[in-house]
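Here are my notes for your review. Please read them alongside the coordinates.

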Number of protein chains: 2
Amino acid sequence: MPTTKKKLEDRAAVIKALGHPSRLLIAQSLMKGERCVCDLKDLVGVDMSTVSKHLTLMREAGVLNCEKRGLNIYYSLACDCLGDFLRCVDRLACGGKKTTCC
Amino acid sequence: MPTTKKKLEDRAAVIKALGHPSRLLIAQSLMKGERCVCDLKDLVGVDMSTVSKHLTLMREAGVLNCEKRGLNIYYSLACDCLGDFLRCVDRLACGGKKTTCC
DNA sequence: GCCTTATTTGGTGAAATGGCCAAATAAATG
DNA sequence: CATTTATTTGGCCATTTCACCAAATAAGGC
């Protein structure tokens, strides 16, 4: 698969959707189950409008699903592979911390 | 694991290092084996100084290793789990494309 | 219908990002 | 040692990102 430009950008968008501390924290929380926006606002500790924008970005990338029930909107992960994903990330994360190399 | 702020940021940095089309393309190429900067410059099609900066960012996040041999610097992936990682990404990427939801 | 609660949208500003170019560095070669 | 080749560094500029705030929208309850 020669990976078209579009495909590459879609993939990058998914990854980017997880590549921010607040969004990663949200994703990790959602591994334990669905949450509404105000739950996530308390978790992350920024303005709710900011959380909402993060969630929109993640949803548009394909990472999240959402469902409205009553006054709340419940967000959940679109895929259960995030655990494996993060295991790979942790193997890389600052395991080296090689600031100099060449 | 309550995930300290530092840990969260380190993880996010790893993910962010892969969450850009050029950098993802580089990473995918490196799955096939090490490459020098000028190889990657041809692959990505941007200025070599730009590629170099991408590589530095990826290395500092922990995603890449590098080794100098002669005039060239060869970059390689720091971890072989990228295949699984991308499999997860592809399951998410625009599988839904849900622009509206709630 | 009016109030309250939950969420999104639009605007703004500061900071980060990603590209290019030119100059600096490092190693090999004549 | 001067030259060539590979790479990095620093500067600059346009764009994007991420935070906040205020205002708009949506649903439920009195």
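How many nonpolar, polar and charged residues does the surface near DNA strand C have?

1. By class, nine residues of that surface are nonpolar, nine are polar and six are charged. Keep in mind that this is a predicted model.

2. DNA strand C is surrounded by 24 residues. The closest are A:Met48, A:Ser52, A:Lys53, A:Tyr75 and B:His54. Of the atoms of DNA strand C that come within 4 Å of the protein, 62% belong to sugar and phosphate.

3. Both chains supply elements to this surface. From chain A, helix 3 (37-44), helix 4 (48-61) and strand 3 (72-77) each give at least two residues.

4. Check the phosphate contacts. A:Ser52 places a polar side-chain atom 2.6 Å from a phosphate oxygen of DNA strand C. For B:Thr50, the corresponding distance is 3.4 Å.

5. Now the core. The largest nonpolar core has 63 residues. A:Val63, A:Phe85, B:Val63 and B:Phe85 touch the most other members. Leaving out residues up to four places away in sequence, A:Val63 touches residues including A:Val14, A:Leu18, A:Met58 and, from chain B, B:Leu92.

6. Last, the sheet. Chain B has an open sheet of three strands, ordered 1-3-2, with antiparallel pairing. Strand 1 (35-36) and strand 2 (64-69) are the edge strands. Strand 1 pairs with strand 3 (residues 72-77) over two bridges. B:Arg35 has B:Tyr75 in strand 3 as its bridge partner.

Terms used. Residues are numbered from 1 along each chain as its sequence is written. Chains are lettered from A and ligands numbered from 1 in the order in which they are written. This is a predicted model: local features need pLDDT of at least 70, side-chain atom pairs count only at pLDDT 80 or more; totals for chains, interfaces and linings use all residues. Side-chain values use heavy atoms; hydrogens and water are left out. A residue is near a molecule or strand if one of its heavy atoms lies within 4 Å of it. A polar contact is a pair of N or O atoms within 3.5 Å; within protein, one must be able to donate a hydrogen and the other to accept it, and residues adjacent in sequence count only if both atoms are side-chain atoms. Helices (H or I, at least four residues) and strands (E, at least two) are DSSP runs, numbered from the N terminus. Ala, Val, Leu, Ile, Met, Phe, Trp, Tyr, Cys and Pro count as nonpolar, Asp, Glu, Lys and Arg as charged, and the others, Gly among them, as polar. A nonpolar core is a set of buried Ala, Val, Leu, Ile, Met, Phe, Trp, Tyr and Cys residues joined through side-chain atoms within 4.5 Å. Buried means under 20% relative accessible area, exposed over 50%, partly exposed in between (1.4 Å probe, protein chains only). Contact means heavy atoms within 4.5 Å. Two strands pair if DSSP finds at least two bridges between them.
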